[in-house]
Structure formats: structure tokens, C-alpha cells
Amino acid sequence: MKALVRERVADWKKRLVRPMNRRLVELTGDITPDLQTVRNADIIITTPEKWDGISRNWRTRSYVQQVSLVIIDEIHLLGGDRGPTLEVIVSRMNYLASQLKKNIRIVGLSTALANAHDLAAWLNIDHDGLFNFNHSVRPVPLEIYIDGFAGKHYCPRCITMNVG
């Protein structure tokens, strides 16, 4: 995730900071700028774990209260080790929005998802806000194939699938 943050920082400095005269700050376990720099930032790029820790004290951190857009890249990781952290972030930002009576837009970016509509419903995204692109618009063609595995019992079937 730190590597992804660094990629976004480098890319967004070129695309947003310089042309639009915006202030960007990177927050990771390795990089924590002074509080004034964070308060003055227009864009904060951080890891989920760092934002989780920072946003826990949102009542005393005005810069957290000023957030109006949260972009979660790799949101398909909800099903992995980072899933609980991402869930907490989304829930906390929705709670913060309700308490402050303001809109906070949450954008989730992902690779292809089979359950995009379920994820959109959980993020409170209506049909017009869901963009689930067909595999035909991918820059790299997506190959789809289905393998069948015999076996009625879960464990033997999983062993068979892992061997192939």
C-alpha cells in the first residue's frame, strides 16, 4: 500500500498539484509531515491503516472534518486482510458525515468485480453512480474460462483445484 501511495503522489503531483496549484501531502507509516502541512493540504494521500488511525480522533482533528471526498483504490481488498480496516473507514466517514450534516463522497476503485452492485449498495451508491465497465473496454483483453472440478465434498474439491 505504501508503494501505491507513492505512485499516486508522483502521478497526482504532475496531474493536479502543478497544473491546478493544489497542495498535496503524503501520510504513511514512513512519512508524517507536520500538522500545519496536513491542515493546509487540499489532497491527502494515505494508506488505509494510517487514515484509520487518524480518523479515529475526527472530533479533535479539523482537517479530518473538512474531508469531502474519499477515494479508496483497490476496494476489492475488502475480501482480504485489509477488509476490516476499509469497512471501518467507510463506516466512520459515513458516520462523520451524518454527525457534521455534510456530504462526503466515497469513490471505490477496483479491478473487475462480480458483485459490483452489492458493493455499490453498501457504499450507498445509486445506479447512476456505479460504473462497472465491460471487459471489452479494458486496455488488456480479459480472458474468461471456466474449469469444472468433480467432487461433492469441500476439502477434497479444494485440494483438486489447488493441484491444477
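Helices here are DSSP runs of H or I with at least four residues, numbered from the N terminus. By that count, N94 lies in helix α5. One caveat before I go on: this is a predicted model.

Let me stay on N94. Is N94 buried, exposed or partly exposed? N94 has a relative accessible area of 27%. Buried would need under 20%, and exposed would need over 50%. So N94 is partly exposed. Now its contacts. Setting aside residues up to four places away in sequence, N94 touches I106 and N124. There is also a distance for N94 and L123. The two are 29 residues apart in sequence, and their C-alpha atoms are 9.1 Å apart in space.

Next, V90. V90 is also placed in helix α5. Its relative accessibility is 2%, so V90 counts as buried. Which residues does V90 contact, beyond its neighbours within four places in sequence? They are I72, I106, W122 and L123.

K50 leads us to T28. T28 sits in the loop between β1, residues 24–27, and α2, residues 35–40. T28 is buried, at a relative accessible area of 0%. Leaving out residues up to four places away in sequence, T28 touches K2, V5, T47 and K50.

Now the helix pair. Two packed helices are described by the angle between their axes and the distance between the axes. Our pair is α3, residues 48–55, and α5, residues 83–100. Their axes come within 9 Å and cross at roughly 40°. That makes α3 oblique to α5. The crossing of the two is left-handed.

Who meets whom? On the α3 side there are P48, E49, W51, D52 and S55. On the α5 side there are T85, L86, V88, I89, R92 and M93. By class, this contact has 6 nonpolar, 2 polar and 3 charged residues.

Stay with α3 for burial. Which residues of α3 are buried? P48, W51, D52, I54 and S55 are. A quick reminder on helix geometry: an α-helix has 3.6 residues a turn, so residues three or four places apart point the same way. As for what covers the buried residues of α3, the list includes β1, β2 at 43–46, α4 at 62–65 and α5.

Now zoom out. The protein has 7 helices and 4 strands. Reading from the N terminus, the order is α-β-α-β-α-α-β-α-β-α-α. How spread out is the protein? Its radius of gyration is 19 Å, well over the 15 Å that the globule rule gives for 164 residues, so the protein is more spread out than a compact globule. The C-alpha trace spans about 60 × 35 × 35 Å along its principal axes.

Two last figures for the whole chain. Of the 164 residues, 26% count as buried. Residues 24 or more positions apart account for 51% of them.

That's my tour. I'm happy to go back to any view.

Definitions and conventions
Residues are numbered from 1 along each chain as its sequence is written. This is a predicted model: local features need pLDDT of at least 70, side-chain atom pairs count only at pLDDT 80 or more; totals for chains, interfaces and linings use all residues. Side-chain values use heavy atoms; hydrogens and water are left out. Axes are lines fitted to C-alpha atoms, for helices over the stretch in contact, and angles run from 0 to 180 degrees between N-to-C directions. Angles under 35 degrees count as roughly parallel, over 145 as roughly antiparallel, 65 to 115 as roughly perpendicular and the rest as oblique. A crossing is left-handed if the near helix is turned anticlockwise from the far one by less than a right angle, and right-handed if clockwise. Contact means heavy atoms within 4.5 Å. Ala, Val, Leu, Ile, Met, Phe, Trp, Tyr, Cys and Pro count as nonpolar, Asp, Glu, Lys and Arg as charged, and the others, Gly among them, as polar. The radius of gyration is taken over C-alpha atoms; the globule rule is 2.2 Å times the number of residues to the power 0.38. Buried means under 20% relative accessible area, exposed over 50%, partly exposed in between (1.4 Å probe, protein chains only).
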